[in-house]
Amino acid sequence: MAAPKKVLLSSPPDGGWGWMIVVGCFFVTICTRAVTRCISIFFVEFQTYFAQDYARTAWIHSITDCATMLCAPFGSLISNHVSCQVGIMLGGLLASAGLILSSFATSLEHLYFSLGVLTGVGFALCYSPAIAMVGKYFNKRKALAYGIAMSGSGIGTFILAPVVQLLIEQFSWRGALLILGGFVLNLCVCGALMRPIALMEDRKSPPEFLEQEYVSEAQKQDLKQFSICSPLIKAWSHECLCCCSWQEYNFLLMPDFMVLAVSVLFMAYGCSPLFVYLVPYALNVGVSHQQAAFLMSILGVIDIIGNITFGWLTDRRCLKKYRHVCYIFAVGMDGLCYLFLPILQSFPLLVPFSFTFGYFDGAYVTLIPVVTADVVGIGSLSTALGVVYFLHAIPYLVSPPFAGWLVDTTESYTASFVLCGFSMIFSSALLCFAKLAKKIKKSHLRSLARDTDTKQQIWTNGAIAYSVSRELNQQDGEILATEANSYSNR
C-alpha cells in the first residue's frame, strides 16, 4: 500500500473529507462501544452455561473494557508514528479474531483471554485514534462532529441489543459471537477512510526538536554520534527521541488536566456497571428477556439524542464557553439517576430511567474529547485522549466485579447502584469545585493586579509631584539669589 500524502494546513478544514472521517468514526463506535455494551446481553447465558456467580462472570465485560482503555495510549502511539489507517485495520482484525475464538470457548478463563484481552486490545487500536482524527478535521463545529461520531454507540446499541438477543435465541450464544466476529471486520473498512492530515501547529521536524531547551547537550551529542552510522539509523533515532520527548506529554503536569484525570477515574467507576447489570437487574425484578433487551435499546437510541443535541448546543456561540459546565452537569445527572434506580422495580418505571440515563450518558461521552481538547489543545489531543481513556481502564476492570461481589454478598443491587451514583456525583463535584477555585483565583489575581496598578499610579504621581515641587523650589531659590545680588550691588 502506497503511503498516503499528508496535506499541510494552517487550520482544521471544518468540512470536506472531514465528514467522511465522522462517518468512519461513527461506524468505529458502533463496532467497538456498542458491541462492548451488548456483551451484557450474554451475561445470563454465560452465567447459566458455566454455572458461575455474578462476580466471576462480570470479569468478562470488565476485562474487555479495561483492555480497550488500558491500551488506548498504544493505539495513539501507532496512529501518531505509523498511521491511523494501519492501527484501525490491525485493531479490526484482532477484535474479530477475539470474538470468533470466543465462540469456541470451553471455560470462563478462555473468554477472559479471547473476548476480554484480544477483543479489547483490538478495540483499543481503533477507538482513540478514530476519535482523535475527528478533532484534527474540525474546530468551529467540533462538538457537533463529535456528537454525530459518538452517536454510533447509541445507534449501535439500539439496533444490536434486540438483534443479539434474537441471534442468541436462534443460534445460541456461540453462533451469536461468531456472527459478531464477522460484523466487527467492518472496522478494516472504517480504517481505510481515515485519510491523514497535517496541521501547522503539530508539525515539528527533527532539527527543530534538537534546538529545544528541554533536550540536554548529552542527548544531542549521543544522537549526532549515533546517527553517523547511517541515514536510516539517524532518521530512526530522531523519531524515537521525539516519541520519548517530554514535549509530547508536557500536558500531564497542567493543573486543569490533572483535575480532569482524577475526575475521570471516579466517573469511569460509576458509569460501567450499569451496562453490565441493567439486564440482569431487570430480569431479577420480573421483566421478560425481550423487555430487558429493549431497555438496552432505549439506552442506545436516547444516547444518540444526547450525543447530537449536546454536541449541537455546545457549538452555539452562547454555550461554547460553557462546555465544561455542561459536561459537569451531565455527569452529575447520571449519578442522580443511579440513586433512584433501586426503587424502580417494574418495566414502566425502568423505561423513563433508561431515557434519562441514556440522554445524559450520550451528552458527557460526546463532551469528553471536546473538554480534553479545550484543556490541552489540538496538537496534543491524540496523546491526551490516549491518556484519558487509559485512566478508564482500572475503574472499568474493578467496578463490575466489585459490584457483582456486593450483589452476591448483600443479595441486592442497592449497594452497587448507590456506590456508583455517589462516585459519579463526586466526579462532577470535583470538577465544579476546581472550576470555582480557578475562578476565585483569577478574580484575586485581577484585584491584586488592580491594586498594584493603583499603587504604581500613586507612586508615579507622587514622584512627578515631588520633582515638580523640587523644580519650583529650585526656581524660587534662583529668583531669591538674583534679587539678593541685585540688592547688594545697590
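Visitor: Let me start with one residue. Does A51 count as buried or exposed, and at what relative accessibility?

Guide: Keep in mind that this is a predicted model. A51 has 65% relative accessibility, and the cut-off for exposed is over 50%, so A51 counts as exposed. A51 sits in the loop between helix 2 (43-50) and helix 3 (54-70).

Visitor: What is the phi of A51?

Guide: Phi of A51 is near 55°, which is positive, and the residue is not a glycine. S172 is another case: phi is near 70°, again in a residue other than glycine. S172 belongs to helix 7 (residues 142-184). At 35% relative accessibility, S172 counts as partly exposed.

Visitor: Now a helix. How many residues does helix 12 have, and what span does it reach?

Guide: Compare the reach with the expected span. Helix 12 (residues 255-284) has 30 residues and reaches 44 Å from first C-alpha to last. That is close to the 44 Å expected at 1.5 Å a residue.

Visitor: Where does helix 12 bend?

Guide: Look at Y277, where helix 12 bends by about 50°. A proline, P280, follows within four residues.

Visitor: How many residues of helix 12 are buried?

Guide: Helix 12 is mostly covered, with 21 of its 30 residues buried.

Visitor: What comes just after helix 12?

Guide: G286 does, with a positive phi of about 100°. V285 lies in the loop between helix 12 and helix 13. V285 is partly exposed, at a relative accessible area of 24%. The C-alpha atoms of V285 and F347 are 8.8 Å apart, although 62 residues separate them along the chain.

Visitor: How do I describe two packed helices?

Guide: Use the angle between their axes and the distance between the axes. Take helix 13 (residues 289-313) and helix 15 (residues 347-376): their axes come within 6 Å and cross at roughly 35°. The crossing of helix 13 and helix 15 is right-handed. Their contact has 15 nonpolar, nine polar and two charged residues.

Visitor: Last topic. How many disulfides does a search of the whole structure find?

Guide: Check the distances between cysteine sulfurs. The search finds zero disulfides. For C31, the nearest cysteine sulfur is that of C190, 5.5 Å away. A disulfide needs the two sulfurs within 2.5 Å. C31 is buried, with a relative accessible area of 1%. C71 is in no disulfide either; the nearest cysteine sulfur, that of C66, is 8.2 Å away.

Notes:
Residues numbered from 1 in each chain as written. Predicted model: local features only at pLDDT ≥ 70, side-chain atom pairs only at ≥ 80, totals over all residues. Heavy atoms only, no water. Helix = DSSP H or I, 4+ residues; strand = E, 2+ residues; numbered from the N terminus. Expected span 1.5 Å × (residues − 1). Bend = angle between axes of the 7 residues up to and from the residue. Buried < 20%, exposed > 50% of the residue type's maximum accessible area, 1.4 Å probe, protein only. Axes fitted to C-alpha atoms, helices over the stretch in contact; angles between N-to-C directions. Left-handed = near helix turned anticlockwise from the far one by under 90°. Nonpolar A, V, L, I, M, F, W, Y, C, P; charged D, E, K, R; others polar.
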